[in-house]
Amino acid sequence: MLKTRGNKLTWLGHAAFKITTASGKVILIDPWIATNPACPAEMKKLERVDTMLITHGHFDHIADAVELGKNFSPQIVAIHETCAWLGSKGVKNASGMNKGGTQKTGEIEATMTHAVHSCGIQDGDKIIYGGEACGYVIRLPGGMTIYHAGDTAVFSDMKLIGELYKPELALLPIGDFYTMGPREAALAIRLLGAMHVIPMHFATFPELTGSPEELKRLTQDISGLEIHALKPGESVE
Ligand code: NI
Ligand code: MN
């Protein structure tokens, strides 16, 4: 059984997650909401955003960051260059960091991890250097530790993430094409040692063919593993 200790995690579709803490604070990861075809219509209007974490600058992770950043003035965590770009668009409170570091922001602590992926930001007809793609280990109030891998291939240093931070819940891309598919994600689960997994970044586009069923099939030998195959809009709490 997953113990979320008062935190509610809602999958908004694709890589976007909303975490509501016991005190009612809202943490948003990878804000692609308004034009995200996977996000249920009734979830598109947000009441508040206190903290926003961004894994990289591709539109399907950052599309609403500027608007939400201006509307709600959240604390924003991203890699240095992406924060500089957000600042150039008039967003305040973007606290750029880098991999291996941890920052406390609001009620959470975020550690930036490696990800094997690119990070250009489409800005009009130009692609701006956005730094590197990353993932996050996030310590939530109550002591729950989760890992959002961002967009990534599997990499052997996921073993270090498991050793160092012991995430109880891993949010892993499984769609293939732009990220790991189920075959790679199954190895990622073994490297991380996480006993709870929420698959993400699949089915949004036709190329993203990986499925939770395939991931379950490839990991059925791992005793105690629970794969929480949410539908967009569903939560664990
Ligand atoms: Ni990407
Ligand atoms: Mn993506």
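Select Thr-145 first: apart from residues up to four places away in sequence, Thr-145 touches Val-137, Ile-138, Arg-139, Tyr-165, Lys-166, Pro-167, Glu-168 and Leu-169. Contact here means heavy atoms within 4.5 Å. Thr-145 has its place in strand S12; helices (H or I, at least four residues) and strands (E, at least two) are DSSP runs, numbered from the N terminus. At 8% relative accessibility, Thr-145 counts as buried. Buried stands for under 20% relative accessible area, exposed for over 50%, and partly exposed for what lies in between, with a 1.4 Å probe and protein chains only.

Before moving on, please note that this is a predicted model, in which local features need pLDDT of at least 70 and side-chain atom pairs count only at pLDDT 80 or more, while totals for chains, interfaces and linings use all residues; side-chain values use heavy atoms, with hydrogens and water left out. Residues are numbered from 1 along each chain as its sequence is written, and chains are lettered from A and ligands numbered from 1 in the order in which they are written.

**The manganese ion**

Select the manganese ion (ligand 2) and display its donors. Which residues coordinate the manganese ion (ligand 2)? They are Asp-60 (OD), His-61 (NE2), Asp-151 (OD) and His-201 (NE2), at 2.1 to 2.3 Å. Donors are N, O and S atoms within 2.8 Å of the metal (3.2 Å for Na, K and Ca); water is not among the atoms, so sites may look incomplete. Along the chain, the donors of this manganese ion follow the spacing D-H-x89-D-x49-H. His-61 lies in helix H1 (residues 59-62), and Asp-151 in the loop between strand S12 (145-148) and helix H4 (158-165), so the pair ties together parts that are 90 residues apart in sequence. Both His-61 and Asp-151 are buried.

**The nickel ion**

The nickel ion (ligand 1) is coordinated by His-56 (NE2), His-58 (ND1), His-117 (NE2) and Asp-151 (OD), at 2.2 to 2.3 Å. The spacing of these nickel donors along the chain is H-x1-H-x58-H-x33-D. Why is the arrangement around the nickel ion (ligand 1) irregular? The four donor atoms subtend angles of 90 to 177°, which makes it so. Four donors count as tetrahedral if all angles lie between 85 and 135 degrees; four count as square planar and six as octahedral if opposite donors are over 155 degrees apart and all others between 65 and 115; anything else is irregular.

**Helices H4 and H5**

Next, select H4 together with helix H5 (residues 182-192). The two helices pack at an angle of about 35°, with their axes 7 Å apart. Axes are lines fitted to C-alpha atoms, for helices over the stretch in contact, and angles run from 0 to 180 degrees between N-to-C directions. From H4, Met-158, Lys-159, Ile-161 and Gly-162 meet Ala-188, Leu-191 and Leu-192 of H5. The residues of this contact divide into five nonpolar, one polar and one charged; Ala, Val, Leu, Ile, Met, Phe, Trp, Tyr, Cys and Pro count as nonpolar, Asp, Glu, Lys and Arg as charged, and the others, Gly among them, as polar.

Just after H5, Gly-193 takes a positive phi of about 70°.

Select Asp-176, in the loop between S13 and H5. Its phi is near 75°, a positive value in a residue other than glycine, and at 35% relative accessibility Asp-176 counts as partly exposed.

Move to Ala-203, in the loop between S14 and H6. Ala-203 has a positive phi of about 70° although it is not a glycine. Is Ala-203 buried or exposed? Ala-203 is exposed, with a relative accessible area of 57%.

Finish at Pro-212, which lies in helix H6 and is buried, with a relative accessible area of 6%. Leaving aside neighbours within four places in sequence, Pro-212 is in contact with Ile-174, Pro-199, Phe-202 and Ala-229. The C-alpha atoms of Pro-212 and Ile-174 are separated by 7.6 Å, and the two residues stand 38 residues apart along the chain.
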